[in-house]
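Please read the following report alongside the sequence and the coordinates, which are shown first.

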Amino acid sequence: MLTPEIARLWLNHFAALIDDNKAHLSDLDTPIGDADHGNNMARGMVALTEALQAKPDLDLAGVFKASAMALISKVGGASGPLYGTAFLEMAKTAKNSADLPTLLDAALAGVIKRGGAEVGDKTMVDAWTPLVKATHDGTLSQAVIDEAVASTEPLVAKKGRAAYLGERGIGHRDPGAESTGYLFKALLETEGT
Ligand code: ADP
Ligand code: MG
Ligand code: MG
């Protein structure tokens, strides 16, 4: 069962991984996008950590709601509303459940509803989908994360900026899948999740 304290540790660790890998994420976004994914996410994560720090007494739903609002208000670009929606749906679900796989189901459903992408479209959905499943199955590992993220490399993008490139995007890893990999890596590395 996720507590507000553990959720904070998880999200702050995610923020640190994004900051450490900001340049790498923008590099991935260079050949198939507009080279800003790392900067977009890092800006959002600064807002997220500040929002959480300013409100030390939030319940679980409040932690996710404050995180969502920070991302939605501070990140221009596709990734802000997508991660923002994921956290907003977790906030709604957290009113009734503190079960992590249940919360992640809601997050993924939110990303799919908001962006309209399916598995195979070369987006963050290709990482979210198997990784949420792995949390249900108790099989989440760094190898599973690496495989999920790498699965976007051979695909032709159907959504997002990379879709403009068509087959020229083949061989490039989706940056949003990589950042989603960090969300789950943070989960793996946060004790108590
Ligand atoms: P932008 O493309 O607006 O510059 P970012 O670079 O921050 O925004 O984020 C790009 C990432 O967003 C992509 O790598 C992809 O994973 C994700 N993405 C874009 N459009 C969609 C969509 N419709 N559904 C799911 N994910 C998407
Ligand atoms: Mg971009
Ligand atoms: Mg952009």
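Predicted model: local features only at pLDDT ≥ 70, side-chain atom pairs only at ≥ 80, totals over all residues.

**Helix packing**

| Helix pair | Axis separation | Crossing angle |
|---|---|---|
| Helix 1 and helix 3 | within 9 Å | roughly 150 degrees |
| Helix 2 and helix 3 | within 6 Å | roughly 140 degrees |
| Helix 7 and helix 8 | 8 Å | about 155 degrees |

Helix 1, spanning residues 4-20, and helix 3, spanning residues 37-54, cross at roughly 150 degrees; because angles over 145 degrees count as roughly antiparallel, the two helices are described as roughly antiparallel to each other. Their crossing is left-handed. On the side of helix 1 the contact is formed by Arg8, Leu11, Asn12, Ala15, Ile18 and Asp19, and these face Met41, Ala42, Met45, Leu48, Thr49 and Leu52 of helix 3. By class, this contact contains eight nonpolar, two polar and two charged residues.

Helix 3 also packs with helix 2, where the axes come within 6 Å and cross at roughly 140 degrees, and that angle makes helix 2 oblique to helix 3. Helix 2 contributes Lys22, Ala23, His24, Leu25, Ser26, Leu28 and Asp29 to the contact, while helix 3 contributes His37, Gly38, Asn39, Met41 and Ala42. The residues of this contact divide into five nonpolar, five polar and two charged. Met41 and Ala42 of helix 3 are named in the contact with helix 2, and they are also named in the contact with helix 1.

Helix 7 and helix 8, the latter covering residues 142-150, have axes 8 Å apart and pack at about 155 degrees, which makes helix 7 roughly antiparallel to helix 8. Here the crossing is right-handed. The contact brings together Ala127, Pro130, Leu131 and Ala134 of helix 7 with Val144, Ile145, Ala148 and Val149 of helix 8. It has eight nonpolar residues, with no polar and no charged ones.

**The shell around ligand 1**

Ligand 1 is surrounded by 24 residues, of which the closest are Gly77, Ser79, Gly115, Gly160 and Gly176. Helix 3, helix 5 (79-94), helix 6 (100-115) and helix 9 (175-188) each provide at least two residues of this shell, and helix 9 gives the most, with three residues. Sorted by class, the shell has eight nonpolar, 10 polar and six charged residues.

**Single residues**

Ala35 counts as partly exposed because it has 15 C-beta neighbours inside 10 Å.

Lys122, in the loop between helix 6 and helix 7, likewise has a positive phi for a residue other than glycine, with a value near 60 degrees. Lys122 is buried, since 29 other C-beta atoms lie within 10 Å.

Thr180 belongs to helix 9 and counts as buried, with 30 C-beta neighbours inside 10 Å. Thr180 and Asp99, by contrast, are 81 residues apart in sequence and 19 Å apart in space, C-alpha to C-alpha.

Technical notes:
Residues numbered from 1 in each chain as written. Chains lettered and ligands numbered in written order. Axes fitted to C-alpha atoms, helices over the stretch in contact; angles between N-to-C directions. Helix = DSSP H or I, 4+ residues; strand = E, 2+ residues; numbered from the N terminus. Parallel < 35°, antiparallel > 145°, perpendicular 65-115°, else oblique. Left-handed = near helix turned anticlockwise from the far one by under 90°. Contact = placed C-beta atoms within 7 Å. Nonpolar A, V, L, I, M, F, W, Y, C, P; charged D, E, K, R; others polar. Near = placed C-beta within 6 Å. Buried ≥ 20, exposed ≤ 12 C-beta atoms within 10 Å, placed from the backbone.
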